[in-house]
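Colleague: I would like to learn how to read a sheet in a model. Please take me through one.

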Amino acid sequence: MHATDGRAVPPPPVPSLLSTPVLLWQSSGPRRLRIGAGRARAELARLTAAGALVLYDPAAPSAVELVHRHTCGPRTPIGPAALPLPVGEGVDAPRRVAREIARHGARTVAVVGGGSAMDTAKLAAVLAVGGEPRFTAGPRSGLALLSRTDRPAPTVIAFPTTLGTGSETSGVARLPIGERRSRLVCSTTLCPAGAVLDPCLTGTLPRPLLAAGALEILLRLTGPLLGPHLMADAAAEWLLEYAALVRRTADKLLSAGMLHSTDRSRCSDTEPAAALRLHLATVSAASHQVWPRVGVSPFAFLLWYFADTAATVTGTAKNAALARLFPAYLELALGVRGRSPWADGPRARRVARVLFPEAGPDPAHCREAAAELLRRWGIAPVAPLGADPGRLGSATVTSWPLALTGITAKDAAALYESANTPC
């Protein structure tokens with residue numbers, strides 16, 4: 001290809017480059033990304049030397065170890081501070097952390113922890129400079145926006161200690177508002193300026209959390225494909241290719257022999273389990289960014305809205321709700337002939353052929369294959385959702401009316417009812 005003046009124009013980046021440490025981030029992604037074993041230690045040492053405020057999840061062993069190594073040692077420079085995050089301590093947690101950020105006058109915040117820890121730190125950084133979440137009272141919408149502020153928020157650098165959430169590269173954060181309710185706050189100011197993906201930080205994750213993370217990545221990729229919204233062909237190809245990659249990688253990682261081979265004392269990019277965790281983390285981080293979302297509606301992942309409502313109403317983990325709903329929703333999507341408010345049937349059938357080739361074209365068999373995959377990963381069987389399907393259906397379409405246009409409360413209740421039927 002050549003420009004009009006005859007100069008050679010380099011070819012556009014291809015999706016396969018996203019599987020390497022040289023990620024091609026668009027403008028909405030982190031400006032600084034570090035990927036590889038040992039990167040967390042090096043980057044946190046640099047940040048603490050520069051006086052960054054370090055926030056960490058005290059319930060994550062790898063976070064505690066990393067932070068104590070660089071903030072409590074004999075060579076620690078004067079200036080940096082490390083504070084445990086009040087993760088899971090209610091609606092006031094982000095504001096409590098915001099007050100600490102303001103008190104320290106922090107210009108850079110490093111957060112080491114899982115999805116909840118990163119969400120808390122991201123929200124706190126914006127609250128510290130006067131930003132305020134804006135949302136409706138009651139259940140009318142699950143979304144919230146942030147008010148503008150005249151002051152720049154502190155720079156946030158994220159060190160995820162878990163897989164799958166993608167909070168380290170996304171512009172959203174979960175805000176608890178009490179009574180088992182929350183809002184998904186959306187703003188470009190919430191996207192961290194940098195992220196560090198280090199397999200040493202996920203070396204202590206038990207099998208259930210590894211499996212839950214793999215499932216969340218898999219469904220973040222396949223959810224938009226199953227849904228009814230229009231999508232650019234290139235984006236669909238990327239999502240499908242990497243969904244298949246995630247399944248293969250998770251199958252290897254979650255095998256008994258691979259899990260038992262992990263030795264954190266020799267964590268490196270070449271250690272088999274560490275390399276697989278790093279691969280999943282890289283795809284997860286990339287899945288939130290612009291390239292795979294080209295031409296995709298922001299409401300394309302319908303399954304997420306059903307799982308979010310079920311998790312909120314019943315007080316269960318979102319991944320547990322996803323696991324319970326996924327096989328039933330897959331069967332429903334495969335039964336759609338063309339496109340309906342529920343799904344794009346032809347695209348869903350392509351997903352099934354790639355992910356579950358052993359099942360054949362029958363939707364019921366594909367549902368069984370999906371349930372079997374979850375069982376093999378150690379996620380399913382999952383207990384029933386524990387709430388009346390009618391109540392869940394009404395809550396879902398009330399909370400997410402724009403995302404679920406064309407789906408009635410009765411329709412939604414039927415999905416919840418089907419999900420409670422064992423495969």
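Colleague: How do β7 and strand β10 (residues 194-197) pair?

Modeller: Strands of a sheet pair through backbone hydrogen bonds, either parallel or antiparallel. Here β7 and β10 pair in the parallel sense, over two bridges. Two strands count as a pair if DSSP finds at least two bridges between them. Strands themselves are DSSP runs (E, at least two residues), and helices are runs of H or I with at least four residues; both are numbered from the N terminus. Within this pair, I157 stands opposite G194, and A158 stands opposite A195.

Colleague: What should I know about the model first?

Modeller: It is predicted: local features need pLDDT of at least 70, side-chain atom pairs count only at pLDDT 80 or more, and totals for chains, interfaces and linings use all residues. Residues are numbered from 1 along each chain as its sequence is written, and side-chain values use heavy atoms, with hydrogens and water left out.

Colleague: Which strand pairs with β7 over six bridges?

Modeller: Strand β4 (residues 108-113) does, in the parallel sense. A110 of that strand stands opposite I157 in β7.

Colleague: Why is β7 largely enclosed by the rest of the structure?

Modeller: Five of the six residues of β7 (residues 155-160) are buried, so the strand is largely enclosed. Buried means under 20% relative accessible area, with a 1.4 Å probe and protein chains only. Across the protein, buried residues make up 52% of the 423 residues.

Colleague: What is the strand order in the open sheet?

Modeller: The six strands run β1-β10-β7-β4-β2-β3, with parallel pairing. The edge strands are β1 (32-35) and β3 (81-84), each pairing on one side only. Neighbouring strands are turned by 15° against each other on average, direction ignored. For such angles, axes are lines fitted to C-alpha atoms, for helices over the stretch in contact, and values run from 0 to 180 degrees between N-to-C directions.

Colleague: Which residues cover the two faces of strand β2?

Modeller: In a regular strand the side chains alternate between the two faces of the sheet. In β2 (residues 53-56), L53 and L55 lie on one side, V54 and Y56 on the other, and all are buried. Four bridges join β2 to β3 in parallel, with V54 opposite A82. β2 also pairs with β4 in the parallel sense over four bridges; there L55 stands opposite V111.

Colleague: Which helix lies across β1 and β10?

Modeller: Helix α8 (residues 272-286) does, running at about 155° to β10.

How values were computed. Buried means under 20% relative accessible area, exposed over 50%, partly exposed in between (1.4 Å probe, protein chains only). Contact means heavy atoms within 4.5 Å.
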